[in-house]
Amino acid sequence: EAGLNWIGSGDARASTLAVPELQRAPTYVSDVVATPDGSLVVSSASGILLLDARGRFRGWLDDEAGLPNSLAYSLLVDREGAVWAGLAYGLARIAPASATSFFGAELGLLGTPIVQLRHEGEAYCGTFEGLFRLQDVAGRQRFQAVGAETTQPIYDLLSTLHGLLIATEPGLLLLEEGRTSLLSEVQPLALARWPTPDPVHAERAIVATFEGLHVLDWSRAAG
């Protein structure tokens, strides 16, 4: 059955929201996030779906509604409750008041966005052209490249107490206090936190490579 399926709280039955826009070809849901007020934002191959906290249709964003393109890969909720959407090219910021901003090459963001992350209060975006940080330049928000070491495709980002881990083609990088260092020359594909409540290992990171999974243990490195 076409549409978006979910199981509501207190109701074991799966419900289906038949949204005509989600039935366009090609159709797939790439990401789903919840905003502070409980609303849902769904990214797909044909646009971005907005739902209220009860799963009711609120709106649809695509190239006909103002987005520069309809192919949305990923979503991130910032501290103001706005949602950042990574598109086939550029980023769109969907504000709680339904205003939308677009960041592309004219505002410093080059390449197709792959991953977005907030680290130490700043917004970062990794693209096929490198790593970019959102900054205030002459009273206007724009992206700036984070340095010559991060001009390769960025596959993933992970915020840690030791700095920002960067999965890029030359290897695993660490951005700390504005300086970038190479931790490993093995090409990482994805990064994740170690799934344990034990505070001793809370800062362990899992690094996925072509060879398998690796564990980055900060406590051993510090010793």
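## Strand E8 and its neighbours

Gly81 takes a positive phi near 85 degrees in the hairpin of strands E7 and E8, which has five residues between the strands. Strands (E, at least two residues) and helices (H or I, at least four) are DSSP runs, numbered from the N terminus, and two strands pair if DSSP finds at least two bridges between them.

This is a predicted model, in which local features need pLDDT of at least 70 and side-chain atom pairs count only at pLDDT 80 or more, whereas totals for chains, interfaces and linings use all residues. Residues are numbered from 1 along each chain as its sequence is written, and side-chain values use heavy atoms, with hydrogens and water left out.

The pLDDT is the predictor's confidence in each residue, from 0 to 100. The chain has a mean pLDDT of 78, and 78% of its residues reach 70 or more. Over residues 5-16, pLDDT stays under 50; for this stretch the model has 18 contacts (heavy atoms within 4.5 Å) beyond four places in sequence.

| Hairpin | Residues between the strands | Residue with positive phi |
|---|---|---|
| E7 and E8 | five residues | Gly81, near 85 degrees |
| E8 and E9 | three residues | Gly90, near 90 degrees |
| E13 and E14 | two residues | Ala138, near 55 degrees |

Strand E7 (residues 72-77) runs antiparallel to E8 and is joined to it by five bridges; Val77 stands opposite Val83 in E8. E8 also pairs in the antiparallel sense with strand E9 (residues 91-94), over four bridges, and here Ala85 has Ala92 as its bridge partner. Elsewhere, six bridges join the antiparallel strands E13 (residues 130-137) and E14 (residues 140-145), with Val137 partnered by Arg140.

How many residues of strand E8 (residues 83-87) are buried? Five of its five residues are, where buried means under 20% relative accessible area, exposed over 50% and partly exposed in between (1.4 Å probe, protein chains only). Both faces are covered: Val83, Ala85 and Leu87 lie on one side, and Trp84 and Gly86 on the other.

Ser74 lies in strand E7. It counts as buried because its relative accessibility is 14%. Leaving aside residues up to four places away in sequence, Ser74 touches Asp31, Ser43, Trp84, Ala85, Gly86, Ile114 and Gln116. Its side chain makes a polar contact with the side chain of Gln116 at 2.7 Å. A polar contact is a pair of N or O atoms within 3.5 Å; within protein, one must be able to donate a hydrogen and the other to accept it, and residues adjacent in sequence count only if both atoms are side-chain atoms.
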